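Here is a friendly tour of the side-chain interactions in one protein model. Please keep the viewer open as you read.

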Amino acid sequence: MNPKLSHSSAKIKTPWISLGILLLMFLVSSPIFAQTQSEIEVVENDTKREKDKPDYSSLPKNPKKATILSAVLPGAGQVYNNKAWKVPILYAGFMTDIYFIGYNNKRYQTFRTALFAFDDGDTSQFPSLNREALVRNVDYWRQNRDLTILLLAAIYALNLIDANVDAHLSGFDISDDISMKIEPNVGTFASAGNSMGLSFKLQFK
């Protein structure tokens with residue numbers, strides 16, 4: 001075999017091998033590059049959508065919806081109005097009042113039973129109390145129980161009113177751009193002449 005021919009054939013094959021390796025590298029790297037570009041575009045689109053998404057937390061609340069939520073589940077309207085910090089206070093009031101309802105009712109039932117026993121001739125429960133004292137205690141604890149039940153209803157109603165009012169106030173502008181100024185003012189009246197007074201001015205910056 002001619003050495004010169006072999007040498008020239010090797011020279012011809014070498015560029016094709018190099019070109020094949022470069023082409024293979026390009027084919028392998030192209031999908032990876034395309035995938036990376038797609039991932040970047042998805043992230044950018046998601047970020048753009050998050051920025052363009054409206055912030056509903058600052059919009060005025062629906063008073064009717066807030067009231068209904070609080071009627072179904074006390075405190076739900078406060079959470080809807082973004083006033084969740086009021087919920088623990090509300091339930092603390094409920095639990096405290098329910099405790100006193102139970103306490104007053106227990107005392108009422110105790111003296112009521114003692115009064116019935118006294119009428120049957122058994123004075124062992126409260127030997128130092130006569131019938132009039134037992135009647136006074138029965139009336140006192142029954143009245144306390146009834147008042148605490150009314151207070152429970154008042155707390156429930158306050159829960160509804162608070163949710164409704166907060167929802168109404170959510171549409172008012174209470175930013176720093178509003179200010180109120182009190183200043184003296186001189187006015188003239190037909191019957192009294194000049195008079196001094198105070199005026200309130202609401203300013204919008």
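Predicted model: local features only at pLDDT ≥ 70, side-chain atom pairs only at ≥ 80, totals over all residues.

## The nonpolar core

The largest nonpolar core is made of 7 residues, namely Tyr108, Phe111, Ala114, Leu115, Leu134, Val138 and Trp141. A nonpolar core here is a set of buried Ala, Val, Leu, Ile, Met, Phe, Trp, Tyr and Cys residues joined through side-chain atoms within 4.5 Å. Buried means under 20% relative accessible area, exposed means over 50%, and partly exposed is in between (1.4 Å probe, protein chains only). Two or more residues of this core come from each of H4 and H5, and H4 gives the most, with 4 residues. Helices (H or I, at least four residues) are DSSP runs, numbered from the N terminus.

Leaving out residues up to four places away in sequence, phenylalanine 111 touches Phe126, Leu129, Leu134, Asn137, Val138 and Trp141. Contact is taken as heavy atoms within 4.5 Å.

Residues are numbered from 1 along each chain as its sequence is written, and side-chain values use heavy atoms, with hydrogens and water left out.

## Aromatic pairs

How many aromatic pairs does a search of the whole structure find? The search finds 6 of them. In tyrosine 99 and tyrosine 103, the ring centres are 6.5 Å apart and the planes lie at 20 degrees, so this pair is stacked. Rings of Phe, Tyr and Trp (its six-membered ring) pair if their centres lie within 6.5 Å; planes under 30 degrees apart count as stacked, over 60 as edge-to-face and the rest as tilted. Both tyrosines belong to helix H4 (residues 86-119), where 4 residues, about one turn of the helix, separate them. Tyrosine 99 is exposed at 55% relative accessibility, and tyrosine 103 is partly exposed at 39%.

Tyrosine 103 also pairs with tryptophan 141, this time edge-to-face, at 5.9 Å centre to centre with 80 degrees between the planes. That pair links distant parts of the chain, since tyrosine 103 is in helix H4 and tryptophan 141 is in helix H5 (residues 131-169), 38 residues apart. Tryptophan 141 is buried, at 12% relative accessibility. Ring pairs join Tyr99, Phe100, Tyr103, Tyr140 and Trp141 into a cluster.

## Charges over rings

Two side chains place a charge over an aromatic ring, and each can be checked in the viewer. Lysine 61 lies over the face of tyrosine 80, 5.4 Å from the ring centre. The charged end of arginine 145 is over the ring of tyrosine 108, at 4.8 Å from its centre. The criterion is NZ of Lys or CZ of Arg within 6 Å of the ring centre and within 35 degrees of the ring normal.

## Salt bridges

A search of the whole structure finds 6 salt bridges, each a side-chain nitrogen of Lys or Arg within 4 Å of a carboxyl oxygen of Asp or Glu. One of them joins lysine 83 and aspartate 166, at 3.6 Å from N to O. Lysine 83 is in the loop between helix H3 (76-80) and H4 while aspartate 166 is in helix H5, so the pair ties together parts 83 residues apart in sequence. Lysine 83 is partly exposed at 26%, whereas aspartate 166 is buried at 12%.

Arginine 131 and aspartate 119 form another salt bridge, with the closest N and O atoms 2.8 Å apart. This pair links arginine 131 in helix H5 to aspartate 119 in helix H4, 12 residues apart. Both partners are partly exposed, arginine 131 at 38% and aspartate 119 at 42%. Arginine 145 forms a salt bridge with aspartate 146, at 3.2 Å between the closest N and O atoms. Arginine 145 is buried at 18%, and aspartate 146 is partly exposed at 33%. Salt bridges with shared partners also join Lys83, Lys86, Asp162 and Asp166 into one network.

## A loop asparagine

Apart from neighbours within four places in sequence, asparagine 81 contacts Lys61, Ala66, Ala163, Asp166 and Ala167.
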